[in-house]
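Biologist: I have a model open and want to learn how to read it. Where do we begin?
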Amino acid sequence: MSNHEQTRAGALLTVDLGAICDNWRTLDAAVGAAECAAVVKADAYGLGAARVAPALAAAGCRRFFVAHLDEALALEHCLPSDATVCVLHGPTPGAEREFVEHGIVPVLNSRAQLAAWGALARSLDRELPAIVQVDTGMARLGLSTQELHAVASDADALAGIRVAGVMSHLACAEQAGHPANLAQRQRFVAARRCLPPAPASLANSSGIFLGEAYHFDLVRPGAALYGLAPVEGAPNPMRPVVRLQGKVVQTRTIEAGTPVGYGHAWRSDRPARIATVAVGYADGWLRSLGHGGAAAWFDGVALPLAGRVSMDTITLDASALPDGALVPGTLVELIGERQVVDAVAARAGTIGYEILTSLGSRYARHYLGDAATA
Ligand SMILES: Cc1ncc(COP(=O)(O)O)c(C=O)c1O
């Protein structure tokens, strides 16, 4: 990011690539001999896959998961040639050839996807690799138990397909004691027996913290790489990754009782100093934060939100700061040391994943810990 960009922007988003890589190394070490992939779908959870994926590749990661073919294609020139990109949704009907042309590995989730992939392989007269997903208790993606048994008893069902992996996804992994975890693991072990021997993958970030029995051959963390807490109610072992600072546009002093913002939803019971900051719900600072007691921080002082979140701005009660502490252009912290992503999410009544993937496109983005920008 140039100084010019930083000067023009209403807010700065700093993404610490070094912290993301450290988080990957922590997870990689935690899973021992198992391979640690990286989930970089949804633009690396809103943080910029074109920057995050190459940084992770430089740290040693060799397998990346995205949701859509287009996301995989966008990474094509960002990654070393020995890295593999896997597409969780598999090919949409008719898109199979593009996977082959670009060497992208699909996750096949249904009998229809198996059939289309196998048919293409046979027409090309070669085996094509794919990961087969089985549903072990989420009813979202993957072969049901019934479909899996049908595949196992049909000699042609996998003709042309080289099963390069078997995977499933945990529904409740962030709750370590949830009975669904063990049930899904048991179904996964049983499901593997219905398919040719292949490396197995069950765990997302939280799944890694369920212990070795959940690691199998490959783990697929996303959220923990980006600093979100993997285990509900436990201390977060991951390094924080994101800092969001909004710029003050204007300040004013108001009389006691003056209504602030849309709907006149807030009034101060005393004279107050109001600072208007250039971040709003169009930037992913969710409107629900206006009801959750969220604050911004400046110099260690909490500045509560005053009134509703607008499209492009928030108004803060800056009365706790001395007059003149905030002037146009001053940066206040919205996400950072004082208020991590998970805390913002809790205030908005949502999860850190939604806060990250909502981060707006109007921020000036600054990447730390990257040789290209350091
Ligand atoms: C199939 C699959 N695997 C892995 C992940 C990564 O999960 P997390 O971000 O919780 O680590 C996701 C994310 O939703 C997913 O859908």
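This is a predicted model: local features need pLDDT of at least 70, side-chain atom pairs count only at pLDDT 80 or more; totals for chains, interfaces and linings use all residues.

Biologist: How are two packed helices described?

Modeller: Two packed helices are described by the angle between their axes and the distance between the axes. Here, take helix α2 (residues 17-30) and helix α4 (residues 49-59). They pack at an angle of about 50°, and their axes are 9 Å apart. That angle makes α2 oblique to α4.

Biologist: Is the crossing of α2 and α4 left-handed or right-handed?

Modeller: Right-handed, as α2 passes α4.

Biologist: Which residues of α2 and α4 meet?

Modeller: From α2, the list is L17, I20, C21, W24 and R25. They meet R51, V52, A55, L56 and A59 of α4. By class, the residues of this contact divide into 8 nonpolar, no polar and 2 charged.

Biologist: Now the backbone. What is phi of A44?

Modeller: Phi of A44 is near 55°. That is a positive value in a residue other than glycine. A44 is found in helix α3 (residues 41-45).

Biologist: Is A44 buried or exposed?

Modeller: A44 has a relative accessible area of 0%, so it is buried.

Biologist: And where is D299 placed?

Modeller: D299 sits in the loop between β15 (295-298) and β16 (301-304). D299 is not a glycine either, yet its phi is positive, about 55°.

Biologist: Does D299 count as buried or exposed?

Modeller: The cut-off for exposed is over 50% relative accessible area. D299 has 69% relative accessibility, so it counts as exposed.

Notes. Residues are numbered from 1 along each chain as its sequence is written. Side-chain values use heavy atoms; hydrogens and water are left out. Axes are lines fitted to C-alpha atoms, for helices over the stretch in contact, and angles run from 0 to 180 degrees between N-to-C directions. Helices (H or I, at least four residues) and strands (E, at least two) are DSSP runs, numbered from the N terminus. Angles under 35 degrees count as roughly parallel, over 145 as roughly antiparallel, 65 to 115 as roughly perpendicular and the rest as oblique. A crossing is left-handed if the near helix is turned anticlockwise from the far one by less than a right angle, and right-handed if clockwise. Contact means heavy atoms within 4.5 Å. Ala, Val, Leu, Ile, Met, Phe, Trp, Tyr, Cys and Pro count as nonpolar, Asp, Glu, Lys and Arg as charged, and the others, Gly among them, as polar. Buried means under 20% relative accessible area, exposed over 50%, partly exposed in between (1.4 Å probe, protein chains only).
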